[in-house]
Amino acid sequence: MFEKLSRGEVFEAVDMLIDTMGVKETVPFSAFKGYLKKKDKKGCIEKIAILLDLPVCINISVASKDYRQENAKKFTSSSMAQTDEKHHGKESIIAQVMIPQYLPMWGTPGLYGYEIEVLVSENCMERPDTFVTIMAHELSHILLAAIRSPYKDSEFHTDLVPILFGFGEFVRRGRKISYVTTSGNESTTHTITYGYLSDEIFGQAYTRIKEFLGNARHKKRRLEKMTARAEHILNETVRQTVILEDCFAKISTSQPRKMKTEHARRLVELHGQDFEGELNACFAGAKRKLEDTTTFIQGLGRYTKQAVEELDVKTKLLDGLSKELESKTETIVKDSRIMKKYIKKQVLAH
């Protein structure tokens, strides 16, 4: 247990990992429902690996409930620690992962389909939340090793990784198991804690991560709304442009005799500036910005600090775009109204 860490040290560790790995959306229980129902250990572990962005192949071995770590020396991961309420170690081991000595680096072709040896006890799925918690911890060792993290052997940092990758609720529910023993007329409740974080440190770390995720979600929703608003304004600007082009074509052929000086000047101005070409170029640029923003939003698999900053940048960009389009729409509508007035007079005159 890392009980002597200060709140500041916990936050520093969390922030450092966020900078390196980012934060992913919460993993729902439904992601494992089918595997758990079928008691599909391998499928469940492979799903955890996928959610941890590990494109590896899982080779699973099943051990009896009374398995001891020393009986299988090739499984060299530290395995998830289990302690009771007095922080005394428990002998039972539910899951282990062998960390290869020469693990391919994350992002390289060699990691895709790379075989990872996993050992689980036969009763490992009796408590689904705990099983997912332990397995996510063990595979996080692989992830940290694959990205060549200096913290790959740190149980403290490894315990934080599953929370960053959306397993926070599984960890919250699965990190403790309570059971009752009876002796005579006395019943005693015992609690087993899985992992290396004290309740206080887990709470601090989880709160910090949830706050970061909540802020990122808020900014993402704001950008999504801004994107929808900009698209709506663009469509209205295009619609009004079609009306203006129609009016411009009609008034150019009819050539009204009497026009106010400022109206005639505006018509000459439109003739000379190729307003249609300018507007089409503006629309093309706006569409590219919107497509770029939509692609960015859809590709947000995880929130890094850089990604959150980019959300702010793109929101500001689209806000400026919306104001620019609104200004153009206002001018277009004004020009159309002027032309309609003279077109109507021409029709009445005939």
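**Figure 1. Lys-250 in helix α6 of the predicted model.** At 43% relative accessibility, Lys-250 counts as partly exposed, because its value lies between the 20% and 50% limits. The residue belongs to helix α6. Its side chain meets that of Asp-246 in a salt bridge, with 3.3 Å from N to O. Both partners are in helix α6, four residues apart, which is about one turn of the helix. Asp-246 is partly exposed as well, with a relative accessibility of 39%. The view also takes in Lys-340, which is 90 residues from Lys-250 in sequence. The C-alpha atoms of Lys-250 and Lys-340 are 9.2 Å apart in space.

Figure 2. Glu-245 is partly exposed, with 23% relative accessibility. Leaving aside residues up to four places away in sequence, Glu-245 touches Phe-275 and Glu-276. Glu-276 is 31 residues from Glu-245 along the chain, and 7.6 Å separate the two C-alpha atoms.

**Figure 3. Salt bridge between Lys-219 and Asp-312.** The closest N and O atoms of this pair are 2.8 Å apart. Lys-219 is in helix α6 (residues 199–254) and Asp-312 is in helix α9 (residues 305–349), so the pair, 93 residues apart, links distant parts of the chain. The two ends fall into separate accessibility classes, because the limit for a buried residue is under 20%. Lys-219 is buried, at a relative accessible area of 17%. Asp-312, at 28%, is partly exposed.

**Figure 4. Salt bridge between Glu-310 and Lys-314 within helix α9.** The side chains of Glu-310 and Lys-314 meet with an N to O distance of 3.5 Å. Because the two residues are four positions apart in helix α9, about one helical turn separates them. Glu-310 counts as partly exposed, its relative accessibility being 29%. Lys-314 counts as buried, its relative accessibility being 8%.

**Figure 5. A network of salt bridges.** The residues linked in this network are Asp-129, Glu-169, Arg-172 and Arg-173. A search of the whole structure finds 21 salt bridges. Among the pairs shown in the other views are Lys-219 with Asp-312, Asp-246 with Lys-250, and Glu-310 with Lys-314.

**Figure 6. Packing of helix α1 against helix α5.** Two packed helices are described by the angle between their axes and the distance between the axes. Helix α1 spans residues 7–21 and helix α5 spans residues 155–174. They pack at an angle of about 55°, and their axes are 10 Å apart. That angle makes α1 oblique to α5, because roughly parallel requires an angle under 35 degrees and roughly perpendicular one of 65 to 115. The crossing of the two helices is right-handed. On the α1 side, the residues in contact are Val-10, Ala-13, Val-14, Met-16, Leu-17, Ile-18 and Met-21. On the α5 side they are Phe-156, His-157, Leu-160, Val-161, Leu-164 and Phe-165. By class, the contact has 12 nonpolar residues, one polar residue and no charged residues.

**Figure 7. Lys-39, a residue with positive phi.** Phi of Lys-39 is about 60°, although the residue is not a glycine. Lys-39 is in the loop between α2 (30–37) and α3 (41–51). The residue counts as exposed because its relative accessibility is 53% and the limit for that class is over 50%.

**Figure 8. Asp-53, a residue with positive phi.** Asp-53 is a residue other than glycine, and its phi is positive, near 60°. The loop that holds Asp-53 runs between α3 and β1 (57–63). With a relative accessible area of 23%, Asp-53 is partly exposed.

Key:
Residues numbered from 1 in each chain as written. Predicted model: local features only at pLDDT ≥ 70, side-chain atom pairs only at ≥ 80, totals over all residues. Heavy atoms only, no water. Axes fitted to C-alpha atoms, helices over the stretch in contact; angles between N-to-C directions. Parallel < 35°, antiparallel > 145°, perpendicular 65-115°, else oblique. Left-handed = near helix turned anticlockwise from the far one by under 90°. Contact = heavy atoms within 4.5 Å. Nonpolar A, V, L, I, M, F, W, Y, C, P; charged D, E, K, R; others polar. Salt bridge = Lys/Arg side-chain N within 4 Å of Asp/Glu carboxyl O. Buried < 20%, exposed > 50% of the residue type's maximum accessible area, 1.4 Å probe, protein only.
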